[in-house]
Amino acid sequence: MSRIHSPAAGRMQTIARNPAMIALFMTLALAGCASKKNMPNNAGDLGLNGGAGAATPGSQQDFTVNVGDRIFFDTDSSSVRADAAATLDRQAQWLQRYPNYAITIEGHADERGTREYNLALGARRAAATRQYLASRGVPANRMKTISYGKEKPVAVCDDISCWSQNRRAVTVLGGAGM
Amino acid sequence: MFRRTLLRLLVVLTGLAASLPQAWALVEININKGNVEPLPIAVTDFIAAGDLGQRITDVIAADLKRSGLFAPINKQAFIEKISNPNQAPRFDDWKVINAQALVTGRVTQEGDGRLRAEFRLWDTFAGKQITGQQFYTQPENWRRVAHIIADAIYESLTGEKGYFDTRIVYVAESGPKTARKRQLAIMDQDGFNARALTNANELVLTPRFSPNRQEITYMSFEGNQPRVYLLQLETGQREVVGNFPGMTFSPRFSPDGQKVIMSLQQEGNSNIYTMDLRSRTTTRLTSTAAIDTSPSYSPDGTQIVFESDRGGRPQLYVMGADGSNQRRISFGDGSYSTPVWSPRGDLIAFTKQSGGKFSIGVMKTDGSGERILTSGFHNEGPTWAPNGRVLMFFRQAAGAGGPQIYSIDLSGYNEQVVQTKGFASDPAWSPLLE
């Protein structure tokens, strides 16, 4: 396939810009793109930020590293996958343990859709995430949502491994949504 | 003679053969790319002080050339040097270089400082003047006068309204993809006179012109509240459209300029609403547990085309302006998005996603007669020139780069990049000023 060269070039640029992506692509290389279960869900899975246990319990870092601040979605889907549900269960427990935090759930889409539809799709993912957290006991009045559609990707390349990282809902402590 | 040639060309491209006289209706309809033979035209430097005449001439020639319907002849080939643009030219000198039409003109400064631009359009083979007109303007508007003259030439030779004296609002983009800055910007349709309308501190998307060209409606994330706004071009004044309990997006004006139609997001669903700009009343037009978005009115204001995934994947639907009789019109492979009703009323342009490619296409308003104009990794968001013959859209290559705006003829022929300083997306073509 003619694609063989260009993704590599895309990855090189990404790697140069974002150290976190080095570990990500190493993980992908080991696990293979098709295996969703092995997708890293947070910086902790990547072995970054000093690793588990280094963060003060109840801190932002604790949430990001030990709980996992984001979940991923299948193409054109807003269904919460089994691996994502496990992350959200941890989020719900943590948010109940630390009830002072309000959160904003940011919904995102990959670039393989049109701008306007993706704004709605990101909103749908944020809403699905909020509903799941509510079903696990997080009070609705602590949660806001916002959709950025495809406008704020975290990974840049031109293949599936990268688009899957952008189809996400990120739980931000504080944050500003509607 | 040449006039008929060009008219034939347009018959071929627009499928209007049935409504034209018998002799032209016999022309074969064949819309292969490259089928169009552009009309050779000589645009001579206007007589003027300094290089102003030449600058105006260059803008006119560039407009005509970019339309794909004209082939301006290299000035080096000209035999006659025009010294009095009001005098009949030596037609034989122009016929011999195969100039089927000839433009001559003069620009002078009036006592009050205004420019007076006059031009004549000649039929060299018939040996007579086709039209002659003059315009007055402030000197800084010299490009605009050139566009107006180009429109007059286009209209004289094709029988259709021109589109050169128009502007484009768009989203100017800069910076890396993971930290992209976006601003609203406006430029002439040929890419000149670009200026920013907002600063780069807030995410802005999907600007669209009002019918009188004085206002823009767009979406902004200002204050992390994603909502639809109005912007007065003259004053820079901005206001939120409506007080909705969620994200509003995908705005567009009604053809009479009295309403803004848009999507409102609530939980996982988005539905289509209008807001009357005078009475401030809002009306809900769709009510589904799905994503309904990208609404666009028919030019007579009686119908609305929109995108919905109520049937699974995004498809195009049409409804009455009151939300009645909602029916699906797109049934091809893949999904369909961003429908835009043609200013002529007969076609709907769209973005189609199929087989890993994003295409720009058009279909009739009942969904039949689909034609793909261009296809590739990512093409999105068509907008119509006010005469319904040309579209712009934006294209994004794979990887880390950014989008650029392109124009393409309705035939799928004459695809061209619109030069912008940085990345650019979401073009919206202005109406013509009457």
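I started with Asn414(B), which sits in the loop between strand E27 (404-409) and strand E28 (416-418) of chain B; strands here are DSSP E runs of at least two residues, helices H or I runs of at least four, numbered from the N terminus. This is a predicted model, where local features need pLDDT of at least 70, side-chain atom pairs count only at pLDDT 80 or more, and totals for chains, interfaces and linings use all residues. Residues are numbered from 1 along each chain as written, chains are lettered from A and ligands numbered from 1 in written order, and side-chain values use heavy atoms, without hydrogens and water.

Buried or exposed? I looked up Asn414(B): it counts as buried at 19% relative accessibility (buried is under 20% relative accessible area, exposed over 50%, partly exposed in between; 1.4 Å probe, protein chains only).

Phe63(A) and Trp94(A) have centres 4.8 Å apart and planes at 55°, so I noted them as tilted. Both are buried. Phe306(B) and Tyr317(B) are stacked, at 5.8 Å and 25°. Phe306(B) is at 0% relative accessibility, so buried.

Last, I found Arg310(B) over the face of Tyr317(B), 4.9 Å from the ring centre (NZ of Lys or CZ of Arg within 6 Å of the centre and within 35 degrees of the ring normal).

Note on methods:
Rings of Phe, Tyr and Trp (its six-membered ring) pair if their centres lie within 6.5 Å; planes under 30 degrees apart count as stacked, over 60 as edge-to-face and the rest as tilted.
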